[in-house]
Amino acid sequence: MPRTLSTSDMVTPGSLGPSPTEPTDGEQIGQLLLDGAPSSASLDTLIQHLVPTTDYYPEKAYIFTFLLSSRLFIEPRELLARVCHLCIEQQQLDQPVLDKARVRKFGPKLLQLLAEWTETFPRDFQEESTIGHLKDVMGRIAPCDETYRKRMQQLLQALHQKLAAQGQGPEDLLGADKPISYRTKPPASIHRELLGVCSDPYTLAQQLTHVELERLRHIGPEEFVQAFVNKDPLASTKPAKKKQRAQVVEFFIDVARECFNIGNFNSLMAIISGMNMSPVSRLKKTWAKVKTAKFFILEHQMDPTGNFCNYRTALRGAAHRSLTAHSSREKIVIPFFSLLIKDIYFLNEGCANRLPNGHVNFEKFLELAKQVGEFITWKQVECPFEQDPSITHYLHTAPIFSEDGLYLASYESESPENQTEKERWKSLRSSILGKT
């Protein structure tokens, strides 16, 4: 499993090394680091530092950080064009006679850079022009060593497979998240159907982990920079009789607890959010029969107080467990996704991309790369639990109720208690059940 990129991995005194050529604005690449802390540089300097030479190759952490953040300043296709142009210019690949010894020292480094780029950010190469740049620069060095042509073909084949795989998400995930009305499927039917598919909370928590990892696997690191997606999938449940309702609530509390033990914080928060929705939390007679101690503990872990301080502590513990894991199960870390997006959004909004002197604020992007790098590591973990197709299919296709549908089910389960609820109940019955 790839190792999580920590700040110490990304930034160490002198880790960026000397510049292969003198930057056009006279500044030194080595000055990117001041007393071990990241500073800033012009965009041209940062691009130059990405370009390999016969005796220089950029740090892996730098490649990831710059390729991730550079799209805020320059389109990936333009960046690739500039990198290829610099390679051709610096290595004199446009000359009629090439220095084969020089090219043989440079070629493997160029291939390595392109391999890292296409592997981590394959969507940067969706346009035909980007493939043209790859073929052009590799075509110039291929005569010096025929293995370059073969490796380039392998790289392009792997890129094609990765792009094809990323285009095949789980069964229309966004299309499946459409609310339905109450009368589309009565709550009791949903309750019986769910427990008929899976009556073991530990198994359901494991299958939820399958679903979460499957969804995360299709998220590219560049999406955190290009668009901040505000989507928080929430789960909910609508019991039938009072005793059954209490059993289902306790069932999902056990599911949530196992999600916490696994490290699946996203499903954990979805379950807690669902139970705290007004149509569910108002069911006082139901909750009176529920052993709520375990639920309160889980709520405490995901309490938003102090900017989710308790959750962040638990997440750090899970991340540390993942790094020192002795089993595949211990490697699982599925963060509360909406909060992750919020953190990255505020990091982006709270710090300027450029400093007053026009330099790129590289310190900001080192922190951004750290957060996204952790996520990329977590999403690559293979789920260790045996998949149950019937359960995961149900989780993908189970209907999602509208807010009105939830309230209608809630009022049918336990009668309205005050005038406001009675008026809403009356309105819902006439607007939903009264339609033919």
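In the predicted model, helix α5, which spans residues 100-120, packs against helix α6, which spans residues 128-141, at an angle of about 160°, and the axes of the two helices lie 10 Å apart. Because angles over 145 degrees count as roughly antiparallel, α5 is described as roughly antiparallel to α6. The crossing of α5 and α6 is left-handed. On the side of α5, the contact is made by Val103, Gly107, Leu110, Leu111 and Leu114, while α6 contributes Leu134, Val137, Met138 and Ile141. When these residues are sorted by class, the contact of α5 with α6 comprises eight nonpolar residues and one polar residue, with no charged residues.

Backbone geometry was also examined, given that most residues other than glycine have a negative phi. Gln92, although not a glycine, has a positive phi of about 55°, and this residue is found in the loop between α4 (76-90) and α5. With a relative accessible area of 48%, Gln92 is partly exposed.

A positive phi is also found at Asn307, a residue other than glycine, where the value is near 55°. Asn307 is found in helix α17, which covers residues 305-323, whereas Gln92 is placed in a loop. The relative accessibility of Asn307 is 44%, and Asn307 therefore counts as partly exposed, since that class lies between the limits of 20% for buried and 50% for exposed residues.

Key: Residues numbered from 1 in each chain as written. Predicted model: local features only at pLDDT ≥ 70, side-chain atom pairs only at ≥ 80, totals over all residues. Heavy atoms only, no water. Axes fitted to C-alpha atoms, helices over the stretch in contact; angles between N-to-C directions. Helix = DSSP H or I, 4+ residues; strand = E, 2+ residues; numbered from the N terminus. Parallel < 35°, antiparallel > 145°, perpendicular 65-115°, else oblique. Left-handed = near helix turned anticlockwise from the far one by under 90°. Contact = heavy atoms within 4.5 Å. Nonpolar A, V, L, I, M, F, W, Y, C, P; charged D, E, K, R; others polar. Buried < 20%, exposed > 50% of the residue type's maximum accessible area, 1.4 Å probe, protein only.
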